Amino acid sequence: MSGAGFLLQLGGTPMQSWGEHSAFADRDTIAHPTRSGLIGMFASALGIRRADATADAADPTPEQKLFTRLTSLRFTVRHDRAGVRLSDFHTVGGGFPAHRTVPTAKGTRRGAGTTTIVSRRHYLADAVFTVAVTSPDDPELVELCAQAAAAPRWPLHLGRRSCPPGPQLLPGPGLADPVAELLRLPLARPKARESAEDDAAKTVDVRFTTDDRFPDTFPVTTSGRTQLTTVNDQPVRLHARERVYRSRPAHTTTVALPASLCHGYGVDYLKALRDHFQPTEDRSAP
């Protein structure tokens with residue numbers, strides 16, 4: 001799982017949403033970024049159109065081959081801040097005459113008395129995730145994705161188009177081992193309260209999720225075990241009117257990291273990131 005890659009930081013905006021079983025009437029979000037959402041983000045950055053976002057074409061085009069390569073990416077997610085779940089209530093088409101309401105699949109319009117469509121959309125507010133992106137079998141793809149994320153062809157979003165990424169999207173491009181870097185990178189969460197008598201205050205519990213097994217060099221977890229679940233988010237086709245996914249295993253664990261990694265919000269956290277990647281002695285060099 002470990003190997004050359006880069007880090008993504010998904011946060012800095014009010015909301016993000018990572019649906020797994022979304023339908024129009026009820027668009028859910030799970031507690032962390034999904035493979036389909038992250039792969040879709042890189043597909044957008046690379047300029048792959050929806051019609052070419054397929055990994056099972058019989059005679060694939062160059063764009064479809066590139067999308068298939070994206071499905072080999074590996075993601076390890078550090079949950080810096082879990083965020084707060086919010087639900088947004090939407091209505092579409094209410095109050096309009098029949099000829100101005102929502103079109104149906106038959107090409108007609110929804111009639112009088114049935115003009116309003118109700119939907120609920122779920123979000124994570126104030127959440128921050130740091131993602132290690134690797135591809136052990138395709139190192140060139142990792143470099144291509146990092147370059148595309150830095151200069152995307154189309155706008156990027158955190159699960160939904162209404163959720164743009166923050167300015168610190170690429171805190172660590174070009175790392176020898178981004179998974180190991182997650183264990184020492186500053187955390188975007190409030191500083192722990194100091195207490196000379198409380199040893200627990202010297203560490204903070206941090207949740208990690210990966211679509212591969214954690215390496216043997218990963219620290220011993222606070223619970224002594226890793227939780228295995230199934231998530232339906234491995235993309236097969238991401239067409240505009242046809243979304244097909246496969247289920248895949250997700251490994252989750254909680255690790256006690258030094259509380260000194262917590263650097264709060266805003267400017268303090270940005271300074272900590274700067275100091276992490278560019279120590280003071282390096283910044284003073286001409």
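The following conversation concerns the packing inside a predicted model.

Visitor: What makes H1 and H3 roughly perpendicular?

Guide: The axes of H1 and H3 pack at an angle of about 70 degrees and lie 8 Å apart. Because angles of 65 to 115 degrees count as roughly perpendicular, that value makes H1 roughly perpendicular to H3.

Visitor: How do you know that the buried residues of H2 are on the same side of the helix?

Guide: The residues in question are Gln-64, Leu-66, Phe-67 and Leu-70, each of which is buried, that is, under 20% relative accessible area. They cover an arc of only 155 degrees around the axis, which puts them on the same side of H2. Among the elements that cover these buried residues are H1, H3 and S10.

Visitor: Which residues of the largest nonpolar core touch the most other members, and which element gives the largest share?

Guide: This core has 39 residues, of which Leu-8, Leu-10, Phe-42, Leu-70 and Leu-73 touch the most other members. Elements giving two or more residues to the core include strand S1 (5-10), helix H2 (62-70) and helix H3 (139-150), but the largest share, seven residues, comes from H1.

Visitor: What does Leu-8 touch beyond four places away in sequence?

Guide: Its contacts include Met-41, Phe-42, Phe-129, Val-131 and Leu-169.

Note on methods. Residues are numbered from 1 along each chain as its sequence is written. This is a predicted model: local features need pLDDT of at least 70, side-chain atom pairs count only at pLDDT 80 or more; totals for chains, interfaces and linings use all residues. Side-chain values use heavy atoms; hydrogens and water are left out. A nonpolar core is a set of buried Ala, Val, Leu, Ile, Met, Phe, Trp, Tyr and Cys residues joined through side-chain atoms within 4.5 Å. Buried means under 20% relative accessible area, exposed over 50%, partly exposed in between (1.4 Å probe, protein chains only). Helices (H or I, at least four residues) and strands (E, at least two) are DSSP runs, numbered from the N terminus. Contact means heavy atoms within 4.5 Å. The arc is that of the directions from the helix axis to the C-beta atoms. Axes are lines fitted to C-alpha atoms, for helices over the stretch in contact, and angles run from 0 to 180 degrees between N-to-C directions. Angles under 35 degrees count as roughly parallel, over 145 as roughly antiparallel, 65 to 115 as roughly perpendicular and the rest as oblique.
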